[in-house]
Amino acid sequence: MSCKKYNITVNGKVYEVEIEEVLPNTEKEFKVNKNIEIKKDRNQEKIRESNNNTRDDKVIKAPMPGTIVNVLVKQGDNVKKGQVIAILEAMKMENEIVSPTDGSVEIISVDKGQNVSLGDSLLKIV
């Protein structure tokens with residue numbers, strides 16, 4: 001297994017971390033400093049695996065970093081283009097995430113209260 005060292009700055013404080021790659025089909029994806037484990041997000045993995053199914057599949061991604069205030073749909077729900085499907089709070093403002101297409105919600109990758117980064121997968125509509 002390979003191990004790489006990085007300097008990471010969090011709130012102005014620099015941390016040196018070692019990241020060790022773990023075998024791909026195991027529960028753990030990385031180990032950091034041999035005591036912090038970063039686990040795979042099974043829903044994110046499902047989206048990556050099924051991302052190339054058909055042209056009509058649509059993965060909705062976070063347009064900015066923030067916190068999911070509410071998810072307004074459930075898996076299996078039918079949605080219409082322009083329908084509000086989630087609320088994302090960023091910089092103390094609530095932003096409506098709307099469906100770009102008609103379809104059915106196949107995967108929801110986030111929960112209420114979860115922090116997301118720019119480009120994180122929120123859900124998939126087919």
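In strand β12, I125 is the bridge partner of K58. The model is predicted; local features need pLDDT of at least 70, side-chain atom pairs count only at pLDDT 80 or more, and totals for chains, interfaces and linings use all residues. Residues are numbered from 1 along each chain as its sequence is written, and side-chain values use heavy atoms, with hydrogens and water left out.

Strand β12 also holds K124, the bridge partner of I107. Strands here are DSSP runs of E with at least two residues, and helices are runs of H or I with at least four residues, numbered from the N terminus. Two strands pair if DSSP finds at least two bridges between them. The pairings of β12 are set out below.

| Strand | Partner | Sense | Bridges |
|---|---|---|---|
| β5 (residues 58-61) | β12 | antiparallel | four bridges |
| β10 (residues 103-108) | β12 | antiparallel | three bridges |

Because five of the five residues of β12 (residues 121-125) are buried, this strand is largely enclosed by the rest of the structure. Buried means under 20% relative accessible area, exposed over 50%, and partly exposed in between, with a 1.4 Å probe and protein chains only.

Of its 126 residues, 27% are buried. Among contacts (heavy atoms within 4.5 Å) with a separation of 6 or more, 43% join residues 24 or more positions apart. The accessible surface of the chain is about 8900 Å², and carbon and sulfur atoms account for 48% of that surface. Accessible areas come from the Shrake-Rupley method with a 1.4 Å probe; for residues, only the protein chains shown count as cover.
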